[in-house]
Amino acid sequence: MFWDITKSLSYNCLFNFIVGDRGVGKTFGCKKYVIDKYLKTGAQFVYVRRTKRELKGIRTFFADISSNYENNFQVVNDGFKIDKKQAGYYLNLSTAQQQKSVAYPNVETIIFDEFIINDGYVHYLPSEVLSFLELYSTIARLRDVKVYFLSNALTTSNPYFTYFNIELPYQKKISAKNDILIEIATNKEYVNTAKNTRFGKLVANTEYGEYAYGSKFLLDNNNFIAKKPYTCKYYFTLYYKEFSFGVWFNSSEASLYVSKDIDPNYKEKYSVTLDSHNMETIFIDNKSIPVINDLIKHFKNGKLYFDDIKIKNIFMQALKRIL
């Protein structure tokens, strides 16, 4: 029981984002695809993780799939070997810049596993999407190398969805536009089996159960999501990394609304991070700035609202820095 790559292949997109239920075999399905392709055509693959630490278990890469083949599989220091011949490579994105002089002329597929991260000790790299695009350019060298970005349904707010302006498919499970595919991966047979285990029954009707077996994004919720009323007045602009937010005040309900709608001519501009600071902004290095104090007060009082989940999740990262 594993996710079938066939449907996404039929769209022939260059970048393929596969997110969804936990444990449905997204990684296994991609492994099978690149192994079969190598055995048939000799096409190689690259397996990418974010950091060197995430590659600690790479020696077991073939452990769950090798029994399906009669071939000899090895994980060595320079990558993956099948029948003692180079079939692929593994790289971590944090040192991708060091790969610029390396050639990968036979690579036709890249798998970027767990591209979305959960809250915790792991963080996205600075300018991560650009780092990945640099790695892609190094590997592809003007060739069409397909990428499979894999993740559980953690959150729609991540640097890749933001950079490429990716929206989830509406009603259907898969959509493609401008050479980018997004698929909500599921496997009914696996999900039904998992739901009937003791653990599956234990987490039924919980947020985790809906995430693991229902493709509901774990970190996304609709609390404090509301469109700003037309009566709102512009309050200030807040910059965080590459993002910018318009903060609006609604006097009738004494609330603040955070929106992507910005008044570029309004003079009150604040930056949360050094890379978003410029000659027009005031850098927030403490909470004593009156409008920032006001922002925190509205947040604590449950009077801070957001246009959508994406804006909310990104803005909350900025707010954590301020707090």
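Here is a quick briefing on the fold, the salt bridges, the surface and a few backbone spots of this chain. The model is predicted, so local features need pLDDT of at least 70 and side-chain atom pairs count only at pLDDT 80 or more, while totals for chains, interfaces and linings use all residues. Residues are numbered from 1 along each chain as its sequence is written, and side-chain values use heavy atoms, with hydrogens and water left out.

**Overall build**

- The chain has nine helices and 15 strands; helices (H or I, at least four residues) and strands (E, at least two) are DSSP runs, numbered from the N terminus.
- Along the principal axes, the C-alpha atoms fill a box of roughly 70 × 50 × 35 Å.
- Of the 323 residues, 49% count as buried. Buried means under 20% relative accessible area, exposed means over 50%, and partly exposed is in between (1.4 Å probe, protein chains only).
- Take the contacts (heavy atoms within 4.5 Å) between residues at least 6 apart in sequence: 70% of them join residues at least 24 apart.

**Salt bridges**

- How many salt bridges are there? The count comes to nine, where a salt bridge is a side-chain nitrogen of Lys or Arg within 4 Å of a carboxyl oxygen of Asp or Glu.
- Lysine 32 pairs with aspartate 36, and their closest N and O atoms are 2.9 Å apart. The two residues are separated by about one helical turn because they sit four residues apart in helix 2 (residues 26-41).
- Both ends of that pair are partly exposed: lysine 32 has 31% relative accessibility, and aspartate 36 has a relative accessible area of 29%.
- Lysine 228 bridges to aspartate 261, with the closest N and O atoms 2.6 Å apart. This pair links distant parts of the chain, 33 residues apart: lysine 228 is in the loop between helix 7 (207-214) and strand 10 (233-240), and aspartate 261 is in the loop between strand 12 (255-259) and strand 13 (269-271).
- Lysine 228 is partly exposed at 21% relative accessible area, and aspartate 261 is partly exposed too, at 36%.
- Over in helix 8, the side chains of lysine 297 and aspartate 294 meet in a salt bridge at 3.5 Å, N to O. Being three residues apart in helix 8 (residues 290-300), these two are separated by about one helical turn.
- Is aspartate 294 buried or exposed? Aspartate 294 is buried, with a relative accessible area of 16%, while lysine 297 is partly exposed at 45%.

**Surface and charge**

- The chain exposes about 17,300 Å², and carbon and sulfur atoms supply 50% of it. Accessible areas come from the Shrake-Rupley method with a 1.4 Å probe; for residues, only the protein chains shown count as cover.
- There are 43 positive and 33 negative charges, and their mean positions are 3 Å apart. Lys and Arg count as positive and Asp and Glu as negative, without His and the chain ends; each charge is placed at NZ of Lys, CZ of Arg, CG of Asp or CD of Glu.
- Which residues make the nonpolar surface patch of about 310 Å²? Phe199, Leu202 and Tyr208 do.
- Patches are made of residues with over 30% relative accessible area and no salt bridge; like charges are joined within 9 Å, and nonpolar side chains (Val, Leu, Ile, Met, Phe, Trp, Tyr) within 5 Å.
- Tyrosine 208 lies in helix 7 and counts as partly exposed, at 30% relative accessibility.

**Backbone spots and a helix end**

- Leucine 142 has a positive phi, near 75 degrees, in a residue other than glycine. Leucine 142 belongs to the loop between helix 3 (128-140) and strand 7 (146-152), and is exposed, with a relative accessible area of 91%.
- Aspartate 179 also has a positive phi, near 70 degrees, again in a residue other than glycine. The place of aspartate 179 is the loop between strand 8 (174-177) and strand 9 (180-185), where the residue is partly exposed at 41%.
- Alanine 140 is in helix 3 and counts as buried, at 3% relative accessibility.
- Alanine 140 and threonine 109 are 31 residues apart in sequence, and 9.4 Å separates them in space, C-alpha to C-alpha.
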